[in-house]
Amino acid sequence: MDFSFSSSFSLFFLTFWLSSLPRTATARGGERSLDFSGFMEHKLAYYSRKLSEDQQPTIGADVARGYMTNVELEKAVVEFGQRCSHISRIYSIGKSVEGVPLWVIEISDKPGQEEAEPAFKFIGNVHGDEPVGRELLLLLANWLCDNYQKNSLATLIIKNVHLHILPTMNPDGFSLRRRNNANNVDLNRDFPDQFFPLNDDLDSRQPETKAIMSWLKERSFTGSASLHGGALVANYPWDGSQDKRKEYYACPDDKAFQHMASAYSRSHYNMSLSQEFVGGITNGAFWYPIYGGMQDWNYIHAGCFELTLEISDVKWPSADELPVLWEYNRMSMLNLVASLVKTGIHGRIFSSYNGRPLPASITIKGINYTVKAGRSFGDYHRILAPGESYEVSHDMTWGRPRQGVCESAFQCDSPKFAKKEMVPPL
């Protein structure tokens, strides 16, 4: 049977056929993957970037009442920057399809300055009809500002981490009160994918997706989390499986991701008590596979450990529930960011001859993943599950071998070396 899609009639047939299939509950980027194989599956994955929204329910204006509009959100971001200028910087990473700036709040005791510290980012409102995250992230920023030098956790984060907050990745979808962006594309299906080469088509990449990708080319992030709605669980890689089946498909840092997800879930009011997800966490492919997601792209291409956090069973709850949702998630967000400095290994790699940072990489024996040291300071920040002993190696033999010295995590005196390190429990 010929499954090629060469006409508008074929696309109409595909839409009709998909709509006739039974529906299932959705979250983490929407429709559960259908179990197809071969060429047809690739075509479906490509078209689903635009078709997944066609059957989404319409959200009335009354549901949006009490949530900040895009204009109000921008005003809140600007006002925060003015009120908390001693610990913040406001900048834009690009614009949406409709030209709405994608504003980021950077929070640090030295905002805008490069330091040998880990960086973490929160991204909200990836899907337009999941707006809880954009509200909670503004509350988080204001809480940190109000509690700096008063609360030990707030002070720890601001002094030791560069926190970047993007309240909304999809302002157009929010205005339209729908999941997809203004071009009707699901942004959590729009990233390059290790299993779907068709998603590498640059011509179809959305401006919001391009903004995220460019952002991570310019700046190194150790950890990250995107905030979604429609379930209550902390999701970690891989999001897809090689054979497209619903199965546990572990990435090289599976233990570290389980630790990150558990750090969020255990700090939450009731996420860890889930009857559906053991401990309130899940491997993405084991829940249901998706392709073209932002989470896996971060880990593969940007060296960033990202979680997908489902923080509300209802995608767009009444605004009256936001204070409660904030209290349920506040300690989870804070502890997740603080875990960057409370565990893992951290250090610097520099030349013993002139003290300059060296372009080295960090590897852990038994884990097929490499973390690169920063260019400016030679600093590295490697997330690892606590309570275990690891053999840590640094390698700069890809260039001209040079003698180096490492500080903090271990000492070295050759271009390639290894030493066992114990990452203490929290």
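Arg 177 is found in the loop between helix H7 (171-176) and H8, where helices (H or I, at least four residues) and strands (E, at least two) are DSSP runs numbered from the N terminus. The phi angle of Arg 177 is near 55°, a positive value in a residue other than glycine. The model is a predicted one, in which local features need pLDDT of at least 70 and side-chain atom pairs count only at pLDDT 80 or more, while totals for chains, interfaces and linings use all residues. Residues are numbered from 1 along each chain as its sequence is written, and side-chain values use heavy atoms, with hydrogens and water left out.

Pro 237 and Trp 238 are joined by a cis peptide bond, with omega at about -5°.

The axes of H4 (residues 70-83) and H5 (residues 132-147) come within 11 Å and cross at roughly 15°; axes are lines fitted to C-alpha atoms, for helices over the stretch in contact, and angles run from 0 to 180 degrees between N-to-C directions. H4 is therefore roughly parallel to H5 (under 35 degrees counts as roughly parallel, over 145 as roughly antiparallel, 65 to 115 as roughly perpendicular and the rest as oblique). The contact (heavy atoms within 4.5 Å) involves Asn 70, Leu 73, Ala 76, Val 77, Phe 80 and Arg 83 of H4, and Arg 134, Leu 138, Ala 141, Asn 142, Cys 145 and Asp 146 of H5. By class, this contact of H4 with H5 has seven nonpolar, two polar and three charged residues. Here Ala, Val, Leu, Ile, Met, Phe, Trp, Tyr, Cys and Pro count as nonpolar, Asp, Glu, Lys and Arg as charged, and the others, Gly among them, as polar.

Helix H12 (residues 322-342) packs with helix H6 (residues 152-160) at an angle of about 50°, the axes being 10 Å apart. H6 and H12 are therefore oblique to each other. On the H6 side, Leu 153, Leu 156, Ile 157 and Asn 160 meet residues of H12 that include Met 331, Leu 334 and Val 341. The contact of H6 with H12 divides into eight nonpolar, two polar and one charged.

H12 also packs with helix H9 (residues 254-267); these axes come within 7 Å and cross at roughly 150°. H9 is therefore roughly antiparallel to H12. Met 260, Tyr 264 and Ser 267 of H9 make the contact with residues of H12, among them Tyr 328, Met 331 and Asn 335. The contact of H9 with H12 has six nonpolar, four polar and no charged residues.

On a 1 Å grid over the protein atoms alone, a cavity is a set of points where a 1.4 Å probe fits but cannot get out, and a pocket is an open set with protein on both sides within 12 Å along at least five of seven lines; lining residues have an atom within 4 Å of a point. The largest pocket has a volume of about 1300 Å³, a volume being the space filled by probe spheres set on grid points joined across faces, edges and corners. Of its 47 lining residues, Arg 219, Ser 220, Lys 372, Ala 373 and Gly 374 are the closest to the centre of the largest pocket. Elements that give two or more residues to this lining include strand S4 (162-166), helix H8 (207-218) and helix H11 (294-301). By class, the lining of the largest pocket has 22 nonpolar, 13 polar and 12 charged residues.

A search of the whole structure finds one cavity of 30 Å³ or more. The largest cavity is lined by Pro 192, Asp 193, Gln 194, Gly 293, Asp 296, Trp 297 and Ile 300.
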